[in-house]
Number of protein chains: 2
Amino acid sequence: MFKSVLIAEDQEFVNISLRKAFEDLGIREPGSAYYCDEALKKIKIGIRTGRPYELLITDLSFEEDHCVQELSDGMELIAAARQAQPDLKVLVFSAEDKPAVIERLFAVLGINGYVRKSRGDSQKLKDAIESIYKGSRYFPSDIRQAIKQKNAYAFNEFEILIIRLLSQGKTQKEIPCYLQENKIYPQSLSSVEKHLNNIKTVLGFSNNEQLIAYCKDMGII
Amino acid sequence: MFKSVLIAEDQEFVNISLRKAFEDLGIREPGSAYYCDEALKKIKIGIRTGRPYELLITDLSFEEDHCVQELSDGMELIAAARQAQPDLKVLVFSAEDKPAVIERLFAVLGINGYVRKSRGDSQKLKDAIESIYKGSRYFPSDIRQAIKQKNAYAFNEFEILIIRLLSQGKTQKEIPCYLQENKIYPQSLSSVEKHLNNIKTVLGFSNNEQLIAYCKDMGII
DNA sequence: CGATTCTTTATGGGAAACCGTAGAAGTACG
DNA sequence: CGTACTTCTACGGTTTCCCATAAAGAATCG
């Protein structure tokens with residue numbers, strides 16, 4: 001079993017009971033951090049002192065407070081941690097349920113496991129740790145299914161960009177200028193229109209407002 | 001101090017450590033539920049057997065699973081609980097940070113306290129319970145401030161309705177028909193336009209897409 | 001290389017949204 | 001009752017968006 005794990009979690013109740021759960025699993029004195037920066041620092045110290053952590057278990061959202069932080073959320077922490085220590089295993093423990101967000105964690109950040117905070121999460125966490133220790137990923141089938149069902153349309157980068165620009169207040173007409181300035185292809189208004197129209201047709205939406213609402217719910221933007 | 005409290009929380013880690021925290025406060029055997037329906041049932045039993053709960057501490061979001069439930073989230077639970085037992089004190093313990101949602105909890109549901117799951121939540125929870133026991137509300141000033149700062153514009157019911165209709169795919173032009181059918185005033189397209197325009201001017205938004213994104217982030221829709 | 005297919009771009013007509021104006025209806029108050 | 005004020009409604013001109021069509025350019029494949 002893992003010998004040294006690090007917990008990054010700002011909810012005090014959860015942080016404490018996670019620590020206790022690990023001690024019950026025979027992992028003594030798991031590292032614990034309430035801030036992302038704090039967690040990264042501990043990881044770097046672990047590397048430097050020749051006692052690197054084997055597993056990072058982290059939440060995604062961390063509350064902002066008076067202490068200004070470099071890393072503002074779990075995704076940034078994971079990216080920074082992996083850069084510092086590429087072989088570090090990462091298990092995300094979060095209440096997040098947006099399909100697109102969870103999918104990105106596996107696809108882009110290459111996490112080793114995801115457990116949703118919910119009923120029976122303590123058993124799932126144990127299973128996940130075991131799976132990861134054995135070298136396999138832990139991607140619960142119910143979440144995988146939810147992603148498939150809900151994420152009917154596979155948005156590409158370009159589409160996500162124009163949707164994000166719209167949601168930031170750019171008008172459709174202004175978008176071609178932005179694309180030209182940033183040398184992003186395609187650039188024409190026609191293409192922007194066509195992509196938006198295609199998405200709306202496939203998903204059965206009748207206006208941009210509905211599309212924005214959908215993307216917000218799914219965590220796409 | 002309270003003699004009987006009920007915990008409604010589906011995250012196992014949190015549920016267990018909440019129970020432990022109450023026992024440390026001298027409240028023996030706090031009730032505990034992992035489903036909203038289960039919580040309501042326990043409240044009703046408490047009334048019937050002459051041993052009603054004094055305090056309900058509940059999360060807002062509950063995971064859906066194979067067990068089909070009548071009540072799907074904490075807000076519905078609170079409403080139902082208050083209907084069954086109007087004098088029940090309610091403390092919400094959630095990770096929710098959308099200003100509009102928290103505000104509604106106090107304004108519409110009349111909850112007695114709100115503690116956000118975050119750093120130092122265990123101390124805040126103790127403070128909240130004490131405040132509520134003494135008969136005053138627990139509405140942390142930092143949250144109150146965040147609501148004031150972020151919620152620059154006070155949306156009225158009519159405005160929220162038309163924003164919601166837009167986000168559900170109704171075109172601006174179709175909305176007057178809907179308003180007429182449901183006998184909601186004002187009904188004219190002009191009024192719909194005028195309200196939307198006013199909101200966007202005040203908030204400095206340039207299109208409906210940006211407005212929808214904002215309302216989603218704030219929890220207004 | 002040519003043929004096919006897909007994507008990007010250009011264009012224009014029609015629909016919807018935007019915006020200002022003006023009149024009608026409702027409300028508050030002396 | 002009249003005046004001032006606000007809100008709602010109706011209308012028209014302008015802009016933006018929507019959508020179909022067609023041409024130009026890139027990718028694939030025999």
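This is a predicted model: local features need pLDDT of at least 70, side-chain atom pairs count only at pLDDT 80 or more; totals for chains, interfaces and linings use all residues.

Mentor: Start in chain B. Helix 3 (residues 74–84) of chain B lies across strand 1, strand 3 and strand 4 of chain B, and runs at about 170 degrees to strand 3 of chain B.

Trainee: What other strands does helix 1 of chain B lie across, besides strand 1?

Mentor: Helix 1 (residues 12–24) of chain B lies across strand 2, strand 3 (55–58) and strand 4 (89–94) as well as strand 1. Its angle to strand 1 of chain B is about 165 degrees.

Trainee: What makes strand 1 and strand 2 of chain B a pair?

Mentor: Count bridges. A pair needs at least two. Strand 1 (residues 5–8) and strand 2 of chain B have three bridges, in the parallel sense, so they count as paired. Within these strands, Ile7(B) stands opposite Ser32(B) of strand 2.

Trainee: What is the strand order of the open sheet in chain B?

Mentor: The order is 2-1-3-4-5, five strands with parallel pairing.

Trainee: Why are strand 2 and strand 5 of chain B said to stand at the edges?

Mentor: Strand 2 (31–33) and strand 5 (113–116) of chain B each have a single partner strand, so one side of each lacks a neighbour in the sheet. From one strand to the next, the twist averages 15 degrees.

Trainee: Now chain A. At what angle do the axes of helix 7 and helix 9 of chain A cross?

Mentor: Helix 7 (residues 157–167) and helix 9 (residues 189–203) of chain A cross at roughly 95 degrees, and their axes come within 10 Å. The range for roughly perpendicular is 65 to 115 degrees. The angle falls inside, so helix 7 of chain A is roughly perpendicular to helix 9 of chain A.

Trainee: Which residues make that contact?

Mentor: Helix 7 of chain A brings Phe158(A), Glu159(A), Ile162(A), Ile163(A) and Leu166(A). Helix 9 of chain A brings Val192(A), His195(A), Leu196(A) and Ile199(A). They divide into seven nonpolar, one polar and one charged.

Trainee: Why do the copies meet through the same surface?

Mentor: Compare the interface residues. 100% of those in chain A are also interface residues in chain B, so the surface is the same.

Definitions and conventions: Residues are numbered from 1 along each chain as its sequence is written. Chains are lettered from A and ligands numbered from 1 in the order in which they are written. Side-chain values use heavy atoms; hydrogens and water are left out. Contact means heavy atoms within 4.5 Å. Axes are lines fitted to C-alpha atoms, for helices over the stretch in contact, and angles run from 0 to 180 degrees between N-to-C directions. Helices (H or I, at least four residues) and strands (E, at least two) are DSSP runs, numbered from the N terminus. Angles under 35 degrees count as roughly parallel, over 145 as roughly antiparallel, 65 to 115 as roughly perpendicular and the rest as oblique. Ala, Val, Leu, Ile, Met, Phe, Trp, Tyr, Cys and Pro count as nonpolar, Asp, Glu, Lys and Arg as charged, and the others, Gly among them, as polar.
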